[in-house]
Amino acid sequence: MASAPWDDLLQFDKQLDETERQVRDSIRSFCDQRLMPGITEANRHEKFDRSIFTDMGDLGMLGATLPEEYGGPGLNHVCYGLIAREVERVDSAYRSA
C-alpha cells in the first residue's frame, strides 16, 4: 500500500529555491514570535497593533517585490505569496491589512 506525504501532498517545498525557503522560514519565525502571542487578546478586545507593521516593514515584508533601487527588498512574487501565506496562517486581518 502506497503512502502519501500528507504534510506536503503536492511537494510544494521541493519547488522552492533556497531564497524562497529562507524567506518563508524567517517570516514564519517572525509570525510565531511577534504576531502569534498577542493575537487572541487582540481579537477578543478588537484591538489592532499598528507597531507590528513597523516591524514587518523593517523585515521587508511590505512591498516585498519593490526593486532595491526604490528601497524594497526586490523579492520575487513567490516570496510575496509565501509572506502572505505565513501571516494568513496566524491572522487574516493582518494579512489583509
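Helices here are DSSP runs of H or I, at least four residues each, numbered from the N terminus. With that convention in hand, Phe12 falls in the segment before helix H1, which covers 18–44. The model is a predicted one.

Starting with the overall picture, the chain has four helices and zero strands, so reading from the N terminus under the DSSP convention, the elements go α-α-α-α. The C-alpha trace spans about 50 × 40 × 20 Å along its principal axes. Of the 97 residues in the chain, 26% are buried.

Leaving aside residues up to four places away in sequence, Phe12 touches Leu82 and Arg85. Gln11 is also placed in the segment before H1. Its backbone is worth a look: Gln11 is not a glycine, yet it has a positive phi of about 50°. Gln11 counts as partly exposed too, at 37% relative accessibility.

A positive phi turns up again at Glu46, another residue other than glycine, with a value near 50°. Glu46 is located in the loop between H1 and H2. With a relative accessibility of 75%, Glu46 is exposed, because anything over 50% goes into that class.

The crossing of H1 past H2 is right-handed. On the H1 side, the residues that meet H2 are Phe30, Arg34 and Leu35, while H2 brings Ser51, Ile52, Asp55 and Met56. Sorted by type, the residues of this H1–H2 contact come out as four nonpolar, one polar and two charged.

That leaves the cysteines. A disulfide is a covalent bond between the sulfur atoms of two cysteines. The cut-off for calling one here is a pair of cysteine sulfur atoms within 2.5 Å, and by this rule the count for the model is zero disulfides. Cys31 is in no disulfide, and the nearest cysteine sulfur, that of Cys79, lies 14 Å away. Seen from the other end, the closest cysteine sulfur to that of Cys79 is in Cys31, and the 14 Å between them is too far for a bond. Both residues are well below the 20% limit that defines buried: Cys31 has a relative accessible area of 0%, and Cys79 has a relative accessibility of 1%.

Terms used
Residues numbered from 1 in each chain as written. Predicted model: local features only at pLDDT ≥ 70, side-chain atom pairs only at ≥ 80, totals over all residues. Heavy atoms only, no water. Helix = DSSP H or I, 4+ residues; strand = E, 2+ residues; numbered from the N terminus. Contact = heavy atoms within 4.5 Å. Left-handed = near helix turned anticlockwise from the far one by under 90°. Nonpolar A, V, L, I, M, F, W, Y, C, P; charged D, E, K, R; others polar. Buried < 20%, exposed > 50% of the residue type's maximum accessible area, 1.4 Å probe, protein only.
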